[in-house]
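Welcome! Please take a moment to look over the chain below before reading on.

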Amino acid sequence: MLFVLIALWAIAAIIWLSDRRSSVNHWLGAVAFTGGAGALAAVLDLQWLPAAAEAGMNEVAQQLLYRLQAVSSLVSYYGLPYSFVLFANAYRPVRMTKRMQALMPFLLLIPIVLCVVFTPFYTTLYPISFRIVVWWAVPYIVYGAVQVLLKRQLQASFSRTHWIICSVVLPPVMFSMVMNYVLPSFGMLRMWVYNTWIVGLGVTVFVIALFTYGFMGVRVNIDRRRYDSTLRAVTSGTAILNHAIKNDAGKMRLFSEKMKAYAIATDQQELLADIETVLGASRHMQEMLQRVHRRTEDLVLRVEAVDLAELIDQTMKGYGPVLGSIKLQTSLIKGWVCRIDPAQFSEALGNIAANALEAMKGEGELLVQLSETKRELIVEIKDTGPGLSKSEAAKVLEPFYTTKSGSDINFGLGLPYAYHVMRKHKGMLNLRSKPGVGTSVFLIFVKRAIQAERSAAAYAERSTTNE
């Protein structure tokens, strides 16, 4: 049981520290903590209290240890179903008013308060009144398990994370439900001693997932710190690049303006269109250079309200002339107005699209899709290129790493830049790739962070469609 105590409290600490603002992490950490509290009560009962008595510890100290055992046991018995059902509600939110959301934790506390007040207090043999507690603890856990299992994964690439959570969390909780509540209600006491094996299995899956794929964003956070520190070193050299590039961009614009005047005077519309493209590129270069802090080594966001679907569509239209035989498909949910930096996001999306087009070498399909979940807007860029191996996929966010060998113009900064832009918007960048199948890059915005709102026109169109 000492192993269970250390393992569960270590997991709770990892989950809590990974994202302190996430309600999902908050309650999942509470599940692990309350499970560890039960292990602490078992260690006190089986090891520390008997050892204290044999060592001749005074009565007062033994009473303190006994009270610690009682508190730990009650925290586990009452806290596990309570924290688990709140974790499930956070993981798969139920539609309810904000007032009800605020009241829910207090309403779920009512059975616990009633049991504490009106049932016999703790004893080693009967820590709780099992035949009463089972009537609310089991429904809490069963309901929570169903909520977790029914969580809908709109993006197939995120299903792995979902099933890792199911594998780590559900078996120990369901097994504990049977051993801690169901069987004791039929008189089979102290069955919790068998929890060690199933908890050990859950801990093993957690550790493997933590170092292989990540769990609840923990591995992502480790990678983020490494990527962020590397990006600071990269962006620190942009002040030097600014001076070198802005002069040439200015020359491009100056001579393009002269050629534009000549094209207008001679009525050469095709030449005029080409010059407008060059002018737009030069203006974009100068604008992007001005967005970089020379001393803080950071990107400056200039947020404004933009229609995300329209911005994506506009960005992808710019790649029409270079598609060749590549088929471009877009599937965009319209009407989401978000406060983002359009220039930075367009540049990030363009970098990813350019990588995809180059990987497909003129043939294949490129899908750009905007979808939504309850809390997020997800932009997926999917290509049918050669894909990446696991070792390559693990390095693509590292600055200066590139799979385009033999090229002197690719610096391996496209994806790191896109990652940095998403981080500045408090979002995420995920990548999924399989050799011979292709690569998908997911740009994930948190709706609340970018103040995403559905436009009135989109609501009206949606209502008309439903009718």
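The model is predicted, so to speak of a local feature a pLDDT of at least 70 is needed, side-chain atom pairs count only at pLDDT 80 or more, and totals for chains, interfaces and linings use all residues. Residues are numbered from 1 along each chain as its sequence is written, and side-chain values use heavy atoms, with hydrogens and water left out.

Let us begin with the sheet. Three strands form an open sheet in the order β1-β3-β8, with antiparallel pairing. The edges are taken by β1 (304-307) and β8 (453-454); each has a single partner strand, so one side of each lacks a neighbour in the sheet. Strands here are DSSP runs of E with at least two residues, helices are runs of H or I with at least four, and both are numbered from the N terminus. Two strands pair if DSSP finds at least two bridges between them. Between β1 and β3 (residues 336-340), which run antiparallel, there are four bridges. In one of them, A305 is partnered by R339 of β3. Helix α11 (residues 308-317) packs on this sheet and touches β1 and β3, its direction making about 70° with that of β1. Contact means heavy atoms within 4.5 Å.

Now for the helices. Axes are lines fitted to C-alpha atoms, for helices over the stretch in contact, and angles run from 0 to 180 degrees between N-to-C directions.

| Helix pair | Axes come within | Crossing angle |
|---|---|---|
| α11 and α12 (residues 342-360) | 10 Å | roughly 50° |
| α2 (residues 23-54) and α3 (residues 59-91) | 7 Å | roughly 160° |

Angles under 35 degrees count as roughly parallel, over 145 as roughly antiparallel, 65 to 115 as roughly perpendicular and the rest as oblique. Helices α11 and α12 are therefore oblique to each other, while α2 is roughly antiparallel to α3.

Where α11 meets α12, the residues of α11 include L308, L311 and I312, and those of α12 include P342, F345 and L349. By class, this contact has eight nonpolar, three polar and no charged residues. For α2 with α3, the contact divides into 23 nonpolar, ten polar and one charged. Ala, Val, Leu, Ile, Met, Phe, Trp, Tyr, Cys and Pro count as nonpolar, Asp, Glu, Lys and Arg as charged, and the others, Gly among them, as polar.

Finally, I444 sits in strand β7 (residues 438-446). Is I444 buried or exposed? At 2% relative accessibility, I444 is buried (under 20% relative accessible area; exposed is over 50%, partly exposed in between, with a 1.4 Å probe and protein chains only). Its C-alpha atom lies 9.6 Å from that of H425, 19 residues apart along the chain.
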